[in-house]
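Please work through each task before reading its solution.

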Amino acid sequence: HSLEALQVASMFPPGSRPARKQRVVLLSPVLDQETLCTLAAARVELAAISLRWLTRASAWPPCRDEVRLHLGVDTGLGREGIRSTHVATVVKRLLSLGSKGVGAQPRWTIAGVFTKWCCPEDADSMLR
């Protein structure tokens, strides 16, 4: 997965960024602080799909640029995502990491929330 993150990061050389209207969201986990900051500088948004990753990444030194996350929520399938019982705690933690200090820029921002549905083609099954 780290290779995928590095490949995406290499698409945006230092100083370049995607067009303002273009949103790039990387669904693979980022395994190190340098790659995280490279992606943040390129305005690539990241999926946060595990509590363990968020805990580890939040301990890394802050990036110069804002880290924009899409919070993946496990809504019961047992696949990747933050368990729904942990979402409130995770959001509070991310908001505290994003709070501004004196002269500082926000470090983390929740840019979106997503989940995986069991069977999106069958609305009745999704409502059970």
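The exercises below refer to this predicted model.

**Exercise 1.** Determine how many aromatic pairs the structure holds, and classify the pair formed by the rings of Trp53 and Trp60.

*Solution.* The structure holds two aromatic pairs. A pair of aromatic rings is described by the distance of the centres and the angle of the planes. For Trp53 and Trp60, the ring centres are 6.5 Å apart and the planes stand at 90°. Planes over 60 degrees apart count as edge-to-face; therefore the pair of Trp53 and Trp60 is edge-to-face.

**Exercise 2.** Decide whether Trp53 and Trp60 are buried or exposed.

*Solution.* The cut-off for buried is under 20% relative accessible area. Trp53 has a relative accessibility of 7%, so Trp53 counts as buried. Trp60 has a relative accessible area of 14%, so Trp60 is buried as well.

**Exercise 3.** Classify the pair of Trp53 and Trp108, and locate its two residues in the chain.

*Solution.* The ring centres of Trp53 and Trp108 lie 6.5 Å apart with planes at 85°, so this pair is edge-to-face. Trp53 belongs to helix α3 (residues 51–58) and Trp108 to strand β5 (residues 108–115). The two residues are 55 residues apart, and their pair links distant parts of the chain. Through ring pairs, Trp53, Trp60 and Trp108 form a cluster.

**Exercise 4.** Describe the surroundings of Ser58.

*Solution.* Ser58 is located in helix α3. Its relative accessibility is 8%, so Ser58 counts as buried. Apart from neighbours within four places in sequence, Ser58 contacts Arg93, Leu97, Arg107 and Trp108.

Definitions and conventions. Residues are numbered from 1 along each chain as its sequence is written. This is a predicted model: local features need pLDDT of at least 70, side-chain atom pairs count only at pLDDT 80 or more; totals for chains, interfaces and linings use all residues. Side-chain values use heavy atoms; hydrogens and water are left out. Rings of Phe, Tyr and Trp (its six-membered ring) pair if their centres lie within 6.5 Å; planes under 30 degrees apart count as stacked, over 60 as edge-to-face and the rest as tilted. Buried means under 20% relative accessible area, exposed over 50%, partly exposed in between (1.4 Å probe, protein chains only). Helices (H or I, at least four residues) and strands (E, at least two) are DSSP runs, numbered from the N terminus. Contact means heavy atoms within 4.5 Å.
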